Number of protein chains: 2
Amino acid sequence: MGLNSFQTSGNSPGDARCRVGLLGFGPIGLAVARHLTGPGAPPTLNLTHIYDRRAREKQGRQADLLAGLCWTDRFDDLVTSDVEILVDAVPASEPASDYVRAALLAGKSVVTTNKLVVAHHGSKLLTLAERQGRQLRFSSAIGGAMPIVRVLADALAGDRVLAVDAILSGASNAILARMDDLDGDIDAAVADACAHGYADVDPSSDLEGWDAAAKLSVVCALAFGLRVAPEQIEMRTSARVRPEDFKKARLRSGTIRQIAHADFDRDRSVLSVWVAPMFVSKTSPFAGITGPGNAARITAAHAGDIVISGSGAGSEAVAAAAAGDLVAIARDRAAIVPAPILADPRQISGLSDHQLAEAV
Amino acid sequence: MGLNSFQTSGNSPGDARCRVGLLGFGPIGLAVARHLTGPGAPPTLNLTHIYDRRAREKQGRQADLLAGLCWTDRFDDLVTSDVEILVDAVPASEPASDYVRAALLAGKSVVTTNKLVVAHHGSKLLTLAERQGRQLRFSSAIGGAMPIVRVLADALAGDRVLAVDAILSGASNAILARMDDLDGDIDAAVADACAHGYADVDPSSDLEGWDAAAKLSVVCALAFGLRVAPEQIEMRTSARVRPEDFKKARLRSGTIRQIAHADFDRDRSVLSVWVAPMFVSKTSPFAGITGPGNAARITAAHAGDIVISGSGAGSEAVAAAAAGDLVAIARDRAAIVPAPILADPRQISGLSDHQLAEAV
């Protein structure tokens, strides 16, 4: 099997299906399971195992297809099973990176939906995957259905990325967009975003910028080949944006969004990187992004500006992106993936140094 | 070598560079040559040969680096050379598909920038490439720097595409956008687009819809696995759009763009596909596309709407996309690419059957 240029899902006659195991049966795990067993499921994939700490209880609640799979509450059962790819959808309370490492060591490929695993352990885990002759893919961990990982890693592989501006936190975007709509304060917008399932009851990690910063650190690895920890990224909170700020932004023909920014001066080895609520003009690609949408403007030396957008949250969007990774691994099982060799920038600067900075 | 998730250009120590030959030294060939030899060129690639019918004359006009390469006016010299990948950038007057076939038969991988080669011969050539254990890639043939091929073939490989609406002809877009700006007739806009290098002196194939239809036929293969010839796609000309039409569109808070549309009803096996000048609302992703920009809204069953845009014309944008294909082949030389098995839709319908049709 190799990678392909025309879409091959369903077009590989005689190809034995690739056995898939699922780690975690929360909202995302459920969406992945439904995606892989529902109508129109990728025909090259065969979901056989599900691990969850409360496997028995959750299995009991499933009907037909899913109930008939092999459920377990012991992670080791998946490691010793014959599944070829594990999908990491475990909740934050479990040691996801330990699971990913153990799976790779056991000769499984892994698709992770977990941004923190990639942001904090991505480089080492990719090296391990290469050594094991297996793949670790993470398209669904950053951007949801917005294909920013594919565009940076593949489409722009022959170009030089100069800068990325992006909405990476679906929850923050839903809250800020709702504030603008309601002309109300942030508490009402948070309540509304929670009611729609776009944000957690406590969205402070989204509003402070931690969610976007974790994703932005992965973007810096993909775009510039740089090692940047989320903690090194300057953040300004979006929690203190007020209705008056939106009024002012409207007078300037724009609105406010949480923007994650990175640009890299290769000659000086200076990375400028930050997450902050920013004024965005009505004509920018960001002003029109509502709900839990994600968007990115990627500026490359030769391609110029590429703009992408898509649903950044929602378990179905994440499941669809994870399925794309699974299909890629299934059709290219033999590929050995060279791990990245990341460099450290000489200097990392934040928002205050950046000419585009327009704090609220 | 395998495919990679972090960007690897420059990160593969000890990796021998992949030898590349260039077919055709027109504007696109020149841009590819500069891209592969200029500052920041992908370090895994080594341009060694250039074929052009007027090789001697063109070589004489080059300075330093390019002049020192191996130039030839005999295509066979490239076929028998030790280059591993050929970039097809030959002008329309030459039999590009014959060249691509001969290159694959000689064991070379091929990156083509030529939409007509892919639209008319893509399926057979991809089958040949698979049989030869080589790759044929064509990201730069459709959409320029807009990564529509990557998004359809890779990012959405695990999803089901339902519909695509797109601006695929950079020249048509530049002309229509300019008419709107100038509030003038089409002749002035054509002259302006020509002056900027966005359109040929005779842009009738763009305005009639042939350019977009050829690209749309490839989109149908990628998105739906369908075999659709450009001739089967209904087209309405954009050459008869008048300044009054733009005035009317402005009154409705929108403008006019040449839109290429395809949606596929899988249950009934009915493909609806057309190219026509359409009213697009100011809030659509299309109204803001100016100059030779391309844009696409892809609707998938699980991912929802994904919007992408980028420069659709210009030799630098094409060269950057072609370089991305070259890097992908260089880092995955061993991959065998399964060819698509395309189906024929039971029925192909055009614009008149489509509820969204809003002819000018």
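**Reading domains, sheets and a buried helix**

The C-alpha centres of domain 1 of chain A and domain 2 of chain A lie 27 Å apart. The structure is a predicted model.

Visitor: Into which domains is chain A divided, and which residues belong to each?

Guide: Domain 1 of chain A takes in 18-145 + 315-330, and domain 2 takes in 148-312 + 343-353.

Visitor: How many residues of the two domains of chain A are in contact?

Guide: On the side of domain 1 of chain A there are 13 residues, in contact with 17 residues of domain 2 of chain A. Helix H6 (residues 115-132) of chain A supplies the largest share of the domain 1 side, with six residues. Sorted by class, that side of domain 1 of chain A has seven nonpolar, five polar and one charged residues.

Visitor: How many helices and strands does chain A have, and what does its radius of gyration say about the chain?

Guide: Chain A has 13 helices and 13 strands. Its radius of gyration is 21 Å, close to the 21 Å given by the globule rule for 360 residues, so chain A is as compact as a globular protein of that length. Along the principal axes, the C-alpha atoms of chain A fill a box of roughly 60 × 45 × 35 Å. Of the 360 residues of chain A, 59% count as buried.

Visitor: What share of the contacts in chain A with a separation of 6 or more comes from residues 24 or more positions apart?

Guide: Such residues account for 74% of those contacts in chain A.

Visitor: In what order do the strands of the open sheet of chain B stand?

Guide: The open sheet of six strands in chain B has the order S3-S2-S1-S4-S5-S6, with parallel pairing.

Visitor: Which strands does S1(B) join by bridges?

Guide: S1(B) runs parallel to strand S2 (residues 45-51) of chain B, joined by six bridges, and parallel to strand S4 (residues 85-88) of chain B, joined by four. Leu23(B) stands opposite Tyr51(B) in S2(B), and its bridge partner in S4(B) is Asp88(B). Arg19(B) stands opposite Asn46(B) in S2(B). Strand S1 (residues 18-23) of chain B is mostly covered, with five of its six residues buried.

Visitor: Which helix forms a β-α-β unit with S1(B) and S2(B), and what is the handedness of that unit?

Guide: Helix H1 (residues 27-37) of chain B forms the unit with S1(B) and S2(B), and the unit is right-handed.

Visitor: Is helix H7 of chain A enclosed or open, and what covers its buried residues?

Guide: An α-helix has 3.6 residues a turn, so residues three or four places apart point the same way. In helix H7 (residues 148-155) of chain A, eight of the eight residues are buried, so the helix is largely enclosed by the rest of the structure. Among these buried residues are Arg150(A) and Asp154(A). The cover includes strand S7 (161-167) and helix H11 (210-224) of chain A, together with helix H7 (148-155) and helix H13 (315-330) of chain B.

Notes: Residues numbered from 1 in each chain as written. Chains lettered and ligands numbered in written order. Predicted model: local features only at pLDDT ≥ 70, side-chain atom pairs only at ≥ 80, totals over all residues. Domains from an automatic or database assignment. Contact = placed C-beta atoms within 7 Å. Helix = DSSP H or I, 4+ residues; strand = E, 2+ residues; numbered from the N terminus. Nonpolar A, V, L, I, M, F, W, Y, C, P; charged D, E, K, R; others polar. Rg over C-alpha atoms; globule rule 2.2 N^0.38 Å. Buried ≥ 20, exposed ≤ 12 C-beta atoms within 10 Å, placed from the backbone. Pairing = 2+ DSSP bridges. Right-handed = clockwise from strand over helix to strand, strands pointing away.
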